[in-house]
Amino acid sequence: MNIATFASKRFLVPMVLVLIVVLLATAPLYTALGTIPLMTTILMYIILAVSWTMFSGPTGYISLASAAFFGCGIYASALLFERGAALLPLPAVIVMGGLAASCFALIVGLATLRLRGIYFTMFSFGLLELARRLFQYYEFYVTGVRGRYVGNVDGNTVYYIMLAILVATLLTVYFIRRSRLGLAMQGIGKNEEAAAHMGVNTTKVKVLTFALSAFFMGATGAIVATRWLYVDPTIAFNLNYSFLPLLMAIVGGVGQPYGPVIGGFAFAYLRHVLQSKTPYYFMLVFGAIMVLVILFLPGGLVSLIERGRHRLEGLMSKLWKGAEAEQHADT
Amino acid sequence: MPILEGQGVTKYFGGLAAVSHVDFHVDQAEIVGLIGPNGAGKTTLFNLISAALPLSSGEIRFKGQKLNGLKPYQICRRGVARTFQETKIFADMPVLQNVLMAAFFGTPTRISGADAAREVTQALEFVGLSAMSATPVKDLTLVNQKRVEVARALATKPELLLLDELMAGLNATETSEAMQLVTKIRDTGITIFMVEHVMKAIMGICERIMVLHHGEKIAEGTPQEIASNKKVIEVYLGEEAHAGS
């Protein structure tokens, strides 16, 4: 192993990651006013993209249920606030939001994950409507309220919680990829029948990971609810949040764990820049970028970065060899 | 004592009986061949044993225990492994990963990473693929892809191995290598039940042969008995045999 690969794999990556987390964690101390809310939004999109990819990336089961899980978290949070004050400590509210989404995913996963391909996708899409109607029915006939007022939480606290959820999500993705569970998920994605005949309990693996990815969506929803202040079933269960995670993941690239991070960041940042300057052209521009990425970068934006990285590594090892040769020449 | 037994094994696809009231048995450490014309129900019978398809009626027992109602992964963990007629490999994954999955999940008890790695090394060595463990399976030749399937099946530590047309598409040298491999697997104590179209192979290594036709078992016996069985000749050669006689 030469110094170039050693530096890039063993040392550089974790160091850069820690540095990024430290920078993000200290951001509220030195960033300009208005930056933290923007960063909170960006983190939210990244979490949604990463947690979508956690399940759908390796297994190939394209889920459009993200908004349903996100909404479960939002609503769980709304139900846990009374007159603007949380009934539980805030971290507990977040965990409850995640668990609510997980439970929902567990139940529907058992029923729907035997469906494959487009059938699963359509059913998962229907879940959103089901969840929305259920909550509408509940609010209308049982509680008699139209919507709910969620308490205000300090912006920096929201930001820190969002950051913590993102770190937890990424760590989970990292450990799944290294585990036998990750291997089983890949097997399911590549050839489910073969995986089953090799002893993989495919139903268990799918349902578990579906529920796990839903947990992070729900947790995100729970903290997002505190930013929105007012929540009703139509707001909580919004179609956009089913499609966006998928789009961000595809634009970023699902092959590498950081692909959806890039995709989520690109989407949220572009949205911010374009929406404030040219509100009408935002979707047009983003749509055009998506088409270009799909046509010319089927691996997503990460394939660009990977290409650059390979070149850099090549260059570094060449330089290293050059330096070695010089040393030999000197002696 | 038979390791695998079937009684009245039946599978309907709609109104069509793909496998109809078939009784069969495979004894410990035997090599049993299953032959028959296309569409005879051979692969369907394998799919019933490995639970890729549910039985319409009948019963299949492995080591005396009923397999009915179990899932494919449970069948595999009990010790029945299989390969597929059209190789079902994880094309983008390296050979090692393909086999590693089987080692991790194919046994009833959870095994450690080190043990799994050892199993994989052994299985790859056994089928002669050690040198290619890092190659993505899609870059291998057909014969080596079939070896991956066999290695994968072996890594689940089976007692019974179902081979579905292992030799289809192989040339003469590869076929005789495959025959040696099958015999070598049996010599480690693994019972073999194989579907095959290559007559030379089936006649050469099987101790007993079963013949299916239109989902029914029409004959069973040693290779010599099958070769001279009138019904079998009729099924394989059809009207020509009559015309000739």
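Predicted model: local features only at pLDDT ≥ 70, side-chain atom pairs only at ≥ 80, totals over all residues.

1. The largest nonpolar core holds 85 residues, and the members that touch the most others are Val99(B), Met101(B) and Ala151(B). Helix H3(B) gives the most to this core, contributing 9 residues. Both domain 1 (1-79 + 159-173 + 191-245) and domain 2 (87-157) of chain B supply at least three residues each to this core. A second, separate core comprises 83 residues, among them Ile74(A), Leu79(A), Ala131(A) and Ile176(A). As general background, nonpolar side chains tend to be buried together in soluble globular proteins.

2. The domain division of chain B deserves attention. Domain 1 is made up of the segments 1-79, 159-173 and 191-245, and domain 2 covers 87-157. Taken over C-alpha atoms, the centres of domain 1 of chain B and domain 2 of chain B are separated by 26 Å. Contact between these domains involves 6 residues of domain 1 of chain B and 8 residues of domain 2 of chain B. On the side of domain 1 of chain B that touches domain 2 of chain B, the residues are 4 nonpolar, 1 polar and 1 charged.

3. Turning to the interface between the chains, 16 residues of chain A are in contact with 21 residues of chain B. On the chain B side, helix H2 (72-78) and helix H3 (95-105) each supply at least two residues. H3(B) gives the most to the side of chain B that touches chain A, with 6 residues. By residue class, the side of chain B that touches chain A divides into 12 nonpolar, 4 polar and 5 charged.

4. Within chain A, how do the axes of helix H6 (residues 155-178) and helix H8 (residues 202-228) cross, and at roughly what angle? The two axes come within 10 Å and cross at roughly 175°. Angles over 145 degrees count as roughly antiparallel, and H6(A) and H8(A) are therefore roughly antiparallel to each other.

5. The contact of H6(A) with H8(A) can be described by residue. From H6(A), Val158(A), Ile161(A), Met162(A), Ile165(A), Thr169(A) and Thr172(A) take part. These meet Leu212(A), Phe216(A), Ala219(A), Thr220(A), Ile223(A), Thr226(A) and Arg227(A) in H8(A). The residues of this contact divide into 8 nonpolar, 4 polar and 1 charged.

Conventions:
Residues numbered from 1 in each chain as written. Chains lettered and ligands numbered in written order. Contact = placed C-beta atoms within 7 Å. Helix = DSSP H or I, 4+ residues; strand = E, 2+ residues; numbered from the N terminus. Nonpolar A, V, L, I, M, F, W, Y, C, P; charged D, E, K, R; others polar. Domains from an automatic or database assignment. Core = buried A, V, L, I, M, F, W, Y, C linked by C-beta atoms within 7 Å. Buried ≥ 20, exposed ≤ 12 C-beta atoms within 10 Å, placed from the backbone. Axes fitted to C-alpha atoms, helices over the stretch in contact; angles between N-to-C directions. Parallel < 35°, antiparallel > 145°, perpendicular 65-115°, else oblique.
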